[in-house]
Amino acid sequence: MNRPQRAIEYSIDEATPNDTSIDVSFGDLKAFMNSAVGRVAQLEVNRFDPAKNIQAPASANGAASIMSAPSEDNDIGEELEAVARNKQFFVPISMNAKSPKSRPTTFSPEKEWEGYIVTVDRDHMIANLIDLTARESRPSSTVEIPFKELETVVDIKRLRPGMIFRWAVGYLRMPGGTKKRYSNIVFRDLPQWTKRELAEAKKQAAEMAKYFAGAGDESEPPSVSGLRRD
Amino acid sequence: MNQNPLQCPASDEIEITVFGPGFGESIVIHAGNNEWVVVDSCIDSRVGRPAALAYLAEINVDPSTAVKLVVATHWHDDHIGGMSELVSECTSARFACSVALTRSEFLEVARVYTSRPLIVASAGPTEISQTLATLRARRQRPTRAIADRPLIRMSRAVTGGLDWEVTALSPSDGEVQRFLASIASLLPPGIPATTKSRLPNPEQNDLSVATWIKIGEIQILLGADLEEHGVADRGWTAVLASSTPPSGQASLFKIAHHGSANGHHDGIWSNMLIKSPMAVLTPWTLGGHDLPLPDDVQRIRNLTPNAYSTSRLKAPALQALPQAVTKTLREGNIKIRQSEPPTGYIRLRTRASSQGPSVWNLTASDDAIRLSSS
């Protein structure tokens, strides 16, 4: 399809833990653009007929789904599929992309977890989940996720114990007011350890070890009234 | 089981309370005369703080003066949760841990994984690092636990009370050397071209500090997570081969390694324990795996009729998830459950003046179970 593209202003908002927009905690533009919302936002950019109403994916795992448009909107559906297949995004786009003629797509999470992989099995992974919605700081649930639910969001071969991901489940509110269930898992590409960090860790460890090596067994316990140590 | 109101033990009562939420373990011991020992730490899921501190607060014991010794049997997540907070509040206690945890080989791993906390999920090395930092700020050094070394020895002759002592039974020198030689493998592979992650859960409990507690004539064996490998200088074989074994037999056993087969050695039951001792385990669940297994429960039942678990053996399903989550899980064939059962406890008391085999009076939380009826 050869359609004119129109300029749109974009805003990039800082993600905060309580942000209810789609950029809540994901912080990964690429992953976002691969997601259903990214595709919707992309379509907002590409489409030439503002009157056409775009629908969010009905699938629960929207991030892993090829988006389908309403039947009367086949051309847009084709365009969406092409975008999704090619993963070609022609402009940087924020997760709060705002069209001048529509409200931004927003995401209201019902549950959001930080997870870390415990084991990687033959066809699934098992992870512990920390409920960020409940502001927990330690795992409260354990989940078993089949690989088929992850194939489009991560290279399965990369999965290894200790990897961190964010998982949010909730509802998308589309510009037209439609509300759709939506789930997205994003594996976090944390920074690499740097040589400086490692050298610092080694130095601190050596310093601590030197301190603890001194007379640990012979150190007197803190004073205990009425008692003596043999 | 009925949950009785918690009350502080009498001055001459010996008490041991084992907390176990399903992924964690903490043991609180009253040695008499308001002197306490805490072995390991876990978070009480009911209150979200270290189980030992929550318990002591509940019975109006001041940890800053009453706790004399805190032991970290090893650095795995399930035995170290909240340890830094525990040690911070037990300001007059000495802290004991495996000698290997104070060596630069381990401390480097701990520093690497805690140098920049980018994630919510902390791990065992973080707790150890924070604990050691607290000690250093106090200008205190840990008591380094190794096989056959007393961790604390209290003489109460002056006040007419009972002498009491805690002795480490492990790790052996061989275990320590093996650990230090292998610890570098826990550093991230391919540094510096490796992205940060949480430290994966280690598989072996090769540094676990099993302890022998003697209070007057009452003897208690805490098995920690010590495993058996069938090798002379490792695990329970090394403990049983000690040239200075504990004298006497224990009437109370905290079953090793959550009742698993690899924590079992026949010699423990024949040499170190009285017949039909009181035995308590904490269940363990992680990544879809549970301990003890049904075979383990049967084995323990055959060894003593007095075996208990601090909580249910399986974590229950999650309740009351939002509808969007429930549908998502169902459509994706995703299985989710609680990480652990609710925190439960087994509390045992006996009189310090008891002669011969101790008679332990048991109180348990509603979540605790007797293995013979599980």
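This is a predicted model: local features need pLDDT of at least 70, side-chain atom pairs count only at pLDDT 80 or more; totals for chains, interfaces and linings use all residues.

Below are my entries on the helix pair, then on the sheet.

**Entry 1: the helix pair.** I looked up helix α4 of chain A (residues 195-212) against helix α5 of chain B (residues 104-114), and their axes lie 8 Å apart at an angle of about 135 degrees. Angles over 145 degrees would count as roughly antiparallel and 65 to 115 as roughly perpendicular, so I log α4(A) and α5(B) as oblique to each other. I also noted the hand of the crossing of α4(A) and α5(B), which is right-handed.

**Entry 2: who touches whom.** From α4(A), the contact takes in Leu198(A), Ala201(A), Lys202(A), Gln204(A), Ala205(A), Ala206(A), Met208(A) and Ala209(A). On the α5(B) side I listed Ser104(B), Leu107(B), Glu108(B), Arg111(B) and Val112(B). Sorted by class, that contact has eight nonpolar, two polar and three charged residues.

**Entry 3: the sheet in chain B.** I traced an open sheet of eight strands with mixed pairing, in the order β8-β7-β6-β3-β2-β1-β19-β20. At the edges I found β8 (143-145) and β20 (361-364); each has a single partner strand, so one side of each lacks a neighbour in the sheet. From one strand to the next, the twist averages 15 degrees.

Entry 4: I checked β6(B) (residues 67-72) with β7(B) (residues 94-98): they pair in the parallel sense over four bridges. For Val70(B), I found Phe95(B) as the bridge partner in β7(B). Helix α1(B) (residues 51-58) packs on the sheet, where it touches β1 (13-20), β2 (26-30) and β3 (36-39) of chain B. I logged about 35 degrees between the directions of α1(B) and β2(B).

How values were computed
Residues are numbered from 1 along each chain as its sequence is written. Chains are lettered from A and ligands numbered from 1 in the order in which they are written. Axes are lines fitted to C-alpha atoms, for helices over the stretch in contact, and angles run from 0 to 180 degrees between N-to-C directions. Helices (H or I, at least four residues) and strands (E, at least two) are DSSP runs, numbered from the N terminus. Angles under 35 degrees count as roughly parallel, over 145 as roughly antiparallel, 65 to 115 as roughly perpendicular and the rest as oblique. A crossing is left-handed if the near helix is turned anticlockwise from the far one by less than a right angle, and right-handed if clockwise. Two residues are in contact if their C-beta atoms, placed from the backbone, lie within 7 Å. Ala, Val, Leu, Ile, Met, Phe, Trp, Tyr, Cys and Pro count as nonpolar, Asp, Glu, Lys and Arg as charged, and the others, Gly among them, as polar. Two strands pair if DSSP finds at least two bridges between them.
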